[in-house]
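Hello,

Here is the structure for you to look over. My notes on a few of its helices follow below.

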Amino acid sequence: MFGKMMGSVKGRTALVWRIPTFPILLLLNFMFGLATSLFIPFSSLFGIDEVGMSNLSYGIFMTTMAIGGVVISTYIGKLSDRNVSRKLILIVSSVAAIAGYMGFAYIRNYILLALVGFFLLGIASATMPQLWAHAREVLEQSDVPKKEIPYVMNVFRMFTALAWTVGPAFAGWVLVAMDFKGLFMLVSIGFLLCIFAIIFFLKDEPKKVDMTGKQVVLGKFMLKPHIFANILAMFLLHAATTINMQNIPQFVTKTLGGTEAHVGVIFSVPPVFEVPLMIMFGIMATRWDLGKLIKLGFLFSFAYFFLIWNVTEPWQIYPLQVLSAANVAITAGLAVTYFQNFLPKEPGTATTLYMNAQKIGSTLGFLLFGYFSSLFEYQNVFIICILFTGIGFFILLFFGSERKQSKKLHVAES
């Protein structure tokens, strides 16, 4: 049985490498993911320690940048689904990334940085979704069977996880040796290399009508309490996750006496475990009720925040990151299918509901981190994360399931 499964995986992997331009797409996905992993884990150190922002002003700064990313990338997404060249968008957004990160390397004025973050990095935030959309178009035009497309896209996701296994640790050492100017210069060089790859190796693919970007009227679903309960729970989870990501660097360096290198290792541990855990939970989802697995993900997150609240040394966080990986493997790997099961005839709408809950929760999380970290010690900020995930779990437990809801699951991604 195991040999047969491994043979199937090997055959499918060989299929991926035969798809035209797909190796280049995998490389670009890794490079874009690497750029994100070099900056995000250390963004609070940059804003608070390097630039000298207060905790609250930093929270406002990151919220502004997140809103820019959501608004501008959404507009660019609409343009790309019409007649605008996706290849051209990838080039323009990469140029914006270079300009934005070069600005972060040298600008230390709060207002100018906020403008750079909102506009330039807002444009740059379109690189990843546009690359994913291009990859899907390449698959649609290839001879890959439609039933194999979810597997190939999962391989695509794995390269993002791979970038996060090496990026934060590498960034930690770069900061020790070269400070933030050196880090942002490296990120800019990475995007420059991506531009050359896009120009010389990618071509535009024919566009197909796609309804996944349609507007979602939330009021329509407020009448379905179990759907609204799940939206609220996911909002709380992603807000807690964002608060945690911003708080850990400050907690490690200022409370535990650690260094940027410790922070890098901490953020590099979860992706190592995410891919095998995604496979494991995907298999479990074919046998378990998916709602139970989602609740388990919330429990993993609650336990993680409770335990990290009590650590006294940086190294003690390393093994706890496995719990973080387990949560991500469930909520990132299975949550889309979970929401699609609520509205089986409207998968695009259901997916957008989940993504909106994620984006809004993450955006507000930046602001909440700035506010709560200005009131409490960094260690006690984790209490907010504990409360959010605990409340989210109880919301799912008591309100997250529809009466007489079928427990039969058809998993599209495992």
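Helix packing and a buried residue

In this model, which is predicted, α5 passes α6 in a left-handed crossing. Helix α5 covers residues 86-106 and helix α6 residues 110-124; their axes come within 7 Å and cross at roughly 155°. Angles over 145 degrees count as roughly antiparallel, and α5 and α6 are therefore roughly antiparallel to each other.

On the α5 side, the contact is made by Val-92, Ser-93, Ala-96, Ala-97, Ala-99, Gly-100, Tyr-101, Gly-103 and Phe-104. On the α6 side, Leu-113, Val-116, Gly-117, Leu-120, Leu-121, Ile-123 and Ala-124 take part. Sorted by class, the contact of α5 with α6 has 12 nonpolar and 4 polar residues, and no charged ones.

Helix α2 (residues 22-39) is the next item. Its 18 residues reach 26 Å from the first C-alpha to the last, close to the 26 Å expected at 1.5 Å a residue. Of the 18 residues of α2, 14 are buried, so this helix is largely enclosed by the rest of the structure.

The last item is a single residue. Asn-230 lies in helix α10, which spans residues 225-255. Is Asn-230 buried or exposed? Its relative accessibility is 1%, and buried means under 20%, so Asn-230 counts as buried. Leaving aside neighbours within four places in sequence, Asn-230 is in contact with Tyr-338, Phe-339, Phe-342, Leu-396 and Gly-400.

Regards

How values were computed. Residues are numbered from 1 along each chain as its sequence is written. This is a predicted model: local features need pLDDT of at least 70, side-chain atom pairs count only at pLDDT 80 or more; totals for chains, interfaces and linings use all residues. Side-chain values use heavy atoms; hydrogens and water are left out. Helices (H or I, at least four residues) and strands (E, at least two) are DSSP runs, numbered from the N terminus. Buried means under 20% relative accessible area, exposed over 50%, partly exposed in between (1.4 Å probe, protein chains only). Contact means heavy atoms within 4.5 Å. Axes are lines fitted to C-alpha atoms, for helices over the stretch in contact, and angles run from 0 to 180 degrees between N-to-C directions. Angles under 35 degrees count as roughly parallel, over 145 as roughly antiparallel, 65 to 115 as roughly perpendicular and the rest as oblique. A crossing is left-handed if the near helix is turned anticlockwise from the far one by less than a right angle, and right-handed if clockwise. Ala, Val, Leu, Ile, Met, Phe, Trp, Tyr, Cys and Pro count as nonpolar, Asp, Glu, Lys and Arg as charged, and the others, Gly among them, as polar. The expected span of a helix is 1.5 Å times one less than its number of residues.
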